[in-house]
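Me: I have a model to go through with you. Let us take some local features first, then helix packing.

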Amino acid sequence: MSEALSRTMEIRKHVVETERGVVASQHRLASEAGAEVLRAGGDAVDAAVACSFVCGVLEPWMSGPTGGGAAMHWRVDSGDAHALDFGMRAPVGLKIEDFPLSGEGAAADLFPWERVVDDRNVIGAKAVAVPALVDGLEAAHRRWGRMPWAELLAPAIAHAREGMRVDWYAALIIATATRDLARDPDAAAMFLADGQWPRPFSWTGIGEDRIDQSRMADSLDILAREGAAAMHGGDLGAAMAQDIRDKGGYLTRDDLAGNRAAFKAPLSVAYRDALFHAVPGLTGGATFAGALAGLAKTELPSPDQAYPAYARALFAAYRDRLERMGHDGEIPECAGSTTHFSVVDRDGNMVAHTQTLLSLFGSRVVSPSTGFLMNNGIMWFDPVAGRPNSLGPGKTCLMNVCPVLGEANGRRFALGASGGRKIVSAVTQLASFMADFGMDLGAAFRQPRIDASSGEQIVADAALPAEIVAALEAIAPVKAVRRSMLPYPFACPSAVMDEGDRRFGMTETMSAWGDAVVERE
């Protein structure tokens with residue numbers, strides 16, 4: 001089928017540069033909130049807290065207080081990397097028999113599991129897992145934060161009081177999920193027009209349609225005053241859990257009290273003359289390490305000659321992941337619900353932070369007591385018994401998040417991406433671009449990428465030369481696609497870099513809202 005899109009249009013972003021700090025995230029206003037915290041004397045961790053909560057308000061379908069994720073922290077004073085895991089768990093009361101297979105083939109969302117009756121593991125209250133994001137933010141702040149916790153939530157509360165503005169991009173995102181959002185009255189009331197239609201928006205860009213997030217603002221105010229305890233064992237979490245049980249789910253106050261963030265020894269990987277630090281355990285960190293191990297066996301004389309090596313290394317790493325940590329299969333083409341941001345402060349402390357609801361709009365269920373959109377972390381589990389990562393009560397979810405710290409060619413950087421199983425492919429290649437070929441952030445982000453996360457097919461940027469595509473076709477079938485804002489053919493990275501006296505930030509060129517913002521003097 002012929003493509004009607006322009007072939008001459010170019011979309012570019014600039015790398016930002018400063019002597020001070022930088023925040024790079026998927027929403028400019030979140031980056032600005034973090035950068036303002038840095039200007040006020042905050043640590044990179046303080047900026048990360050502010051950025052995280054604003055992302056949850058202004059990109060509510062991507063992440064929020066009911067999600068999970070992981071982060072890497074670099075501390076200049078000790079010269080140490082720290083891994084922080086705030087992943088989700090299945091509720092203790094989850095009943096496996098509530099998820100019978102439908103016999104209708106593969107599910108239609110992010111993972112190729114066999115389909116469950118009514119898509120209960122994807123949509124609705126039974127798909128809700130136990131979050132830990134707020135506890136993860138507080139754990140890091142308690143250890144390294146300089147500014148009061150309540151001050152760091154103030155920007156998110158202000159944005160929620162005002163309500164998220166629905167521009168063309170927000171309207172398009174909401175329209176893609178209208179049918180599913182309409183199934184939950186509270187989600188429909190928040191996101192849809194008259195509870196059933198996609199929201200209209202002004203093509204001229206002067207419209208002021210805003211989502212009512214006043215209840216969310218009240219809940220964020222409680223978190224500002226009471227901290228993570230309000231969610232994990234407190235009345236706010238208890239009310240949210242009751243909402244989910246009233247809608248047929250399993251979440252309880254005890255589940256929330258029991259799922260807390262944990263610091264872990266980082267997974268440190270030496271790669272040629274570079275060193276990388278990732279989060280261990282049930283994250284993308286092990287797959288990233290496996291891909292680097294495969295790449296290290298091959299000489300990479302130039303970026304163009306590296307793509308076949310990338311494909312082979314990623315195929316091998318994903319094969320190991322899918323055999324040991326999850327079920328194999330082709331990945332449906334749909335957007336994930338994740339956001340990544342990276343921070344460096346004026347002292348050189350760094351944060352690479354990834355947070356997620358999993359699917360776009362998570363479970364498509366809103367807790368009316370809190371105004372929070374809920375995750376669908378249960379979809380991370382394979383509904384077929386007896387396999388790696390099979391569904392079970394109280395089990396830890398398998399995450400694809402892959403925040404990374406790197407040291408290469410005299411530079412230090414914090415890197416990560418959103419995009420589900422596509423994340424590791426992107427992070428691996430960007431790490432190689434900077435470590436193997438000395439690229440700066442701008443060059444690395446402009447360089448075409450491939451995705452090999454299906455284990456069966458290579459998705460290649462259509463900007464790659466024909467001879468590279470031919471070399472890739474000798475390895476596996478290739479699907480050439482153009483990078484675009486929607487749909488998302490590749491992951492969406494954000495990164496910062498520290499060269500000692502200068503610091504830089506960059507976000508994915510095709511991210512409509514994403515931007516890096518420098519700390520003002």
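Me: Is Arg272 buried, partly exposed or exposed?

Reply: This is a predicted model. Arg272 sits in the loop between strand S8 (267–271) and strand S9 (274–278). Its relative accessibility is 36%. Buried needs under 20% and exposed needs over 50%, so Arg272 counts as partly exposed.

Me: What is phi of Arg272 near?

Reply: Arg272 is a residue other than glycine.

Me: Which residue caps the N-terminal end of H5?

Reply: Helix H5 spans residues 168–176. A side-chain oxygen lies 3.1 Å from the backbone nitrogen of Tyr169. That oxygen belongs to the capping residue, Asp167.

Me: Which helices are included in what covers the buried residues of H5?

Reply: The buried residues of H5 are Tyr169, Ala170, Ala171, Ile173 and Ile174. Their cover includes helix H6 (178–181) and helix H7 (185–191).

Me: How is H2 oriented to H4, roughly parallel or roughly antiparallel?

Reply: Helix H2 covers residues 44–58 and helix H4 covers residues 149–162. Their axes come within 8 Å and cross at roughly 20°. Angles under 35 degrees count as roughly parallel, which makes H2 and H4 roughly parallel.

Me: How many charged residues are in the contact of H2 with H4?

Reply: From H2 come Asp46, Val49, Ala50, Phe53, Val54, Val57 and Leu58. They meet Trp149, Leu152, Leu153, Pro155, Ala156, His159 and Ala160 in H4. By class, that contact has 12 nonpolar residues, one polar and one charged.

Me: How is H2 oriented to H8, roughly parallel or roughly antiparallel?

Reply: H2 packs with helix H8 (residues 214–226) at about 165°, the axes 12 Å apart. Angles over 145 degrees count as roughly antiparallel. H2 and H8 are therefore roughly antiparallel.

Me: How many charged residues does the contact of H2 with H8 have?

Reply: H2 brings Phe53, Gly56 and Val57, and H8 brings Met216, Leu220 and Leu223. These divide into five nonpolar, one polar and no charged.

Me: What is the handedness of the crossing of H2 and H8?

Reply: H2 passes H4 in a right-handed crossing. The crossing of H2 and H8 is also right-handed.

Technical notes:
Residues numbered from 1 in each chain as written. Predicted model: local features only at pLDDT ≥ 70, side-chain atom pairs only at ≥ 80, totals over all residues. Heavy atoms only, no water. Axes fitted to C-alpha atoms, helices over the stretch in contact; angles between N-to-C directions. Helix = DSSP H or I, 4+ residues; strand = E, 2+ residues; numbered from the N terminus. Parallel < 35°, antiparallel > 145°, perpendicular 65-115°, else oblique. Left-handed = near helix turned anticlockwise from the far one by under 90°. Contact = heavy atoms within 4.5 Å. Nonpolar A, V, L, I, M, F, W, Y, C, P; charged D, E, K, R; others polar. Buried < 20%, exposed > 50% of the residue type's maximum accessible area, 1.4 Å probe, protein only. Polar contact = N/O pair within 3.5 Å; in protein donor to acceptor, adjacent residues only side chain to side chain.
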